[in-house]
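Have the sequence and the 3D view open side by side as you read.

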Amino acid sequence: MQVGLLRPALALYAALFLLFLYGPMIVLAILSFQSQGGGPQFPIQEWSVYWYKHLLGLAETSRVSQLPVGDSLIRSLALAFLTTVVSVTLGTMSAEAFRTRFKGSGPVFYLIILGMMVPGVLVGLGVALLSNFLGIGRAWWSTSFVLHVVYTFPFAFLVMLAIFNRFDRSVEEASLSLGVSPAQTFRRVTFPLIFPGVLSAMLFSFTLSYDEFSRTLFTAGADLTLPLAIYGTFSVEIYPNVFSFGVLTTLFSFTLLVIYGLLMKRFTSRNKRFAGQEDA
Amino acid sequence: MTTMTNDIPVKSGASPAATRAAKDRRRALLLLSPGVLWMLLFMLLPLGMVVYVSFWTQTTFAVEPTLTTASWERFMSSPTYLSAIGTTLRIWLIVLLSTLFVGYPVALFIGLFVKNRTLQTALLVACVIPFWTSFLIRVIAWRPMLGTEGAINIILMKLGIISEPLSFLLFSEFSVIVGMTQIYCVFMVGPITFMIARIDESVIEAARDLGASFGTIFRRIVLPLSLPGVIVGTIFVSVMVLGEFATAASLSGRKVNLLGNIIVSQVGSLKWAFAAVAGVVLTIIITAVITLALRVVDIRKEM
């Protein structure tokens, strides 16, 4: 499209937009290397990894208390893992069901999608009230867990729905009618076709649950998850150890993203090789 | 061929196709029931509980299941709570407009001006990546940006634009709006880019060959075709901003009280019934917004 200055102007605007998106994280990353005496702002007194040591409990005692990351990290990882398993299973089953036309598919679709739309603070309040009413104690592995699934299951469902929409049912039927057992058909035909979707649904579920905060706030009970532990430090003065934590948790999320990318790439290249063999 | 048709057993008059369709439907319902049950038990039932408890009797430290409208009367006659409704609606509208105006040109650039598919995907991924990082960390990252000794004030002072640090940048409504715009903008950019990238190139070329200026092409083709994306983005941003409390809690210095903040503080002081009333009010507002938006576009058709 030839429209003179509009294209470079919009390109510049998009670049500024990316700066707006990434700027605060970049500043936060720089400030995480503040020295012990420096505050959570510029100027950097002296470059150091003191706050990383402080975060990991390697620094000598200081007036700033250590962030409670140890146990809460393990809880968050376990919760994210549980959530991933259940929501990917539910998502795949529901998407498979949607391949058949049935009455009431519209309301069911919206019921599932509602899970990712309804504000966390509302369902969190609801589950807390319900557990009070029924006299059930609240804990990260029970009340928080069911809510995390309510949130991530719709994402898994949508991803799997997109995958199932793309592939033709007759491929499976061909395999079955050629006498391949259902188990073999699933392993050799269905699974390779849906694997990229399963992987994406897992990535979504895990990261969303790992970072989820508003759904956990009222439902976790006494034992905190990682985001709750971080939120607890917000109300008091913040120190650069929160920044160091931010850098590390961001790196963790990126690592997951890279693993996902590598698995995806390996999988697609293997599929290509397989297709090539068939051609020969 | 005739012998083969005769071989198919005919059961109670139903055709084989109908039997199979019925079997498929049963299988679909079986596959669907765990997910639907989960949503009913852990989403709809709790939401119903919020409505129910909003009519309970609030005592000092507990709620009792004696039905009353006292909490509602107190909520509706309290200037603090009523102004929270006003603040929530104001912040929602401002953030909605700012995500739209900040995001639309970016979506236009990625969807219309970037022709290379790889670059298009790369730019979209670059916009989505911050979504993968911790929400709370992204909120807190605005503190060293906007503070009186923050990055923006330092840069502006170094450039000689201001001589005194701007104090309205942090712990104000401004910081809440900036923070929310940055966090939720991607949900506007994504759907709009998706719709714009789907526009058939030949339609635009035809318009240009017929002598239409870019302004006309934008107004008559691109803008109307991108509207479903705008609506989907509006729904995403609206439900997220209306249910917000963490950004306001950590960037406004307690100056901005949204309905979400009311719920959190009421739960903190064990005033469950008042929290429930605020929750019901919030639900009503969100339902109204989504219903209004869904009148304009059918999401299921657009996906």
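This is a predicted model: local features need pLDDT of at least 70, side-chain atom pairs count only at pLDDT 80 or more; totals for chains, interfaces and linings use all residues.

## A residue to start from

## The nonpolar core

A:L125 also has a place in the largest nonpolar core, a set of 153 residues. Together with A:V150 and B:A276, A:L125 touches the most other members of that core.

## Where the two chains meet

Now step back to the whole contact between the chains. Chain A brings 69 residues to the contact and chain B brings 68 residues. On the side of chain B that touches chain A, helix α2 of chain B (residues 16-53) provides the largest share, 19 residues. Sorted by class, that side of chain B holds 51 nonpolar, 11 polar and six charged residues.

## Two domains in chain A

Chain A is divided into domain 1, made of 1-64 + 239-280, and domain 2, covering 70-223. Taken over C-alpha atoms, the centres of these two domains of chain A are separated by 27 Å.

Seven residues of domain 1 of chain A are in contact with seven residues of domain 2 of chain A. On the domain 1 side, five of the touching residues are nonpolar and two are polar, with no charged residues.

Technical notes: Residues are numbered from 1 along each chain as its sequence is written. Chains are lettered from A and ligands numbered from 1 in the order in which they are written. Two residues are in contact if their C-beta atoms, placed from the backbone, lie within 7 Å. Helices (H or I, at least four residues) and strands (E, at least two) are DSSP runs, numbered from the N terminus. Ala, Val, Leu, Ile, Met, Phe, Trp, Tyr, Cys and Pro count as nonpolar, Asp, Glu, Lys and Arg as charged, and the others, Gly among them, as polar. A nonpolar core is a set of buried Ala, Val, Leu, Ile, Met, Phe, Trp, Tyr and Cys residues joined through C-beta atoms within 7 Å. A residue is buried if 20 or more other C-beta atoms lie within 10 Å of its own, exposed if 12 or fewer, and partly exposed in between; C-beta atoms are placed from the backbone. Domain bounds come from an automatic or database domain assignment.
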